[in-house]
Amino acid sequence: MRGIKKWGALLCVTALSVTCLAGCGSSESKRIIRIGHNQSTAHPSHIGMMAFQEYIHEELGDKYVVEIYPSELLGSQADMVQLTQTGAIDFCIASNSLLETFSKNYSIFNLPYLFGSAEAYHAAMDDPAVVDPIFDATKAAGFTSVTWLDAGTRNFYTIDKPIESPADLKGLKIRVQQSPTNVAMMELLGGKATPMSFGDVYTGLQTGIIDGAENNELALRDNGHGDVCKHYSYDMHQMIPDLLIGNNAFLEGLPADERAIFEEGFKILNQAQREAWVLGVEDSIKNAVEKQGVNFYYPDTKPFQDAVMPLHESVLADLPAIQGTYDLIQEYNAQFAAAE
Ligand code: GCU
C-alpha cells in the first residue's frame, strides 16, 4: 500500500513538472533531473542538494531543471537505488550499506571500527585512490557513486535501558540497515538484528517491534527517534558514508563540458553537506538534551571492538580485491590517530 502511494506521488509529481514546464512558458526541451533521498528538508544532505541544484541551474539552467524529492517521496532508499539503476530517476542518495548487495566491494566501508578517527575517515574518503575502486565497482550494475556525504558515527540508542557494553544488547531487537555486514555485526555483538528501511524505524520503535536502533545524532531530531529512545550510547561502531549515485547512461551521455560542470556540482554538494553536517550534529544534540530528554552515554568502546573485529578478517578473506584499499585506510588511521 505504502509503495503504491509513493508511486502515485511520483506519477503526480512527474505529471505536474511536465505540465508546469509546458504551461509556464519555459523551454519544453529542458531535461528534468530527478534526485531522490530519504532525509527531511532540514537535513544537511538536503541542504547540500539544494546547493548542487542552484549551481546546475546557474551554469546549465537553459538545459536542465533539477528536482529534489526528499523524505522517501520516491520510495525507500532501496527502491530509489533501483530507480537510479534503471534510469527512472537520475540520482539518489544511498547509504553505502545498501550498495554491498550490488557490488561486494562496498562492504569495506560498512566494516565496524574501520576508521580510527573522524579525521582519518574524512581524509580517506577524500582520496580517489581509496574510493575510486569502490565507487566504480557498480558501473556494471548501471550506476556509479559520484561523491560521498558525511553521515557521522553510528551509535546504539534504545527505549528502556542504555547500552553500556555488548552484554546489554543481548536479546534486544535492534534495527539495522539492510546489509549482510550490518546483520553480521549485530549478531557478533549479541543483539537480534532486525533489518528494515529507515522510514519504518520510528513506527517500529513506537510499536515495540524493535527495542532500539543505531544511527547518528540527526536521526534523533529529524526522524523523531529521540522522542521514543531516551538512551543514546557512543559506542562509535561505524562511520558509514552516504553516497550520491548517478545513473551511468545519464552520466556517460553528458557532453564533456557539461560533465565537467556536473563534477564541480558534486564537489559543491560535498562541501555544502559537510559544512551543514557539523551544525546539524550540534543542533541535534542540543535538541535531544533540551527538548527530547535524551541521555547520552560514553561506554568503553574496546569490548564492542573486540566482539566485531573478526568481521574484518572474514570480509577481507572473501574479497582480496579490496585489501589494497583497506591497507591505505590503515595508513590514514596511523596518520590521524584518535586522541586518547
Ligand atoms: C543515516 C544515513 C541514511 C540511511 C540511514 C539508515 O541516516 O544518512 O542514508 O538511510 O542512516 O539508517 O537507514
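Start with the protein chain, coloured by domain: select 2-150 + 241-282 for domain 1 and 154-239 + 293-335 for domain 2. These bounds come from an automatic or database domain assignment. The model is predicted: local features need pLDDT of at least 70, side-chain atom pairs count only at pLDDT 80 or more, and totals for chains, interfaces and linings use all residues. Residues are numbered from 1 along each chain as its sequence is written, and side-chain values use heavy atoms, leaving out hydrogens and water.

Now place the C-alpha centres of domain 1 and domain 2; they lie 24 Å apart. The contact (heavy atoms within 4.5 Å) takes 41 residues from domain 1 and 40 residues from domain 2.

You will find Asn38, Gln39, Gln77, Ser95, Ala151, Arg154, Arg175, Gln177, Phe198, Asn215, Asn216 and Asp242. Each of domain 1 and domain 2 supplies at least three residues of this shell.

Zoom in on the polar contacts (pairs of N or O atoms within 3.5 Å). At Arg175, a side-chain N or O atom is 2.6 Å from an oxygen atom of the ligand. At Asn38, the corresponding distance from a side-chain N or O atom to a ligand oxygen is 2.9 Å. Move to Gln39: a polar side-chain atom lies 3.1 Å from an oxygen atom of the ligand.

Finally, show the ligand surface. Taken alone, the ligand exposes 310 Å², and the protein buries 97% of that (accessible areas by the Shrake-Rupley method with a 1.4 Å probe).

Conventions: A residue is near a molecule or strand if one of its heavy atoms lies within 4 Å of it. A polar contact is a pair of N or O atoms within 3.5 Å; within protein, one must be able to donate a hydrogen and the other to accept it, and residues adjacent in sequence count only if both atoms are side-chain atoms.
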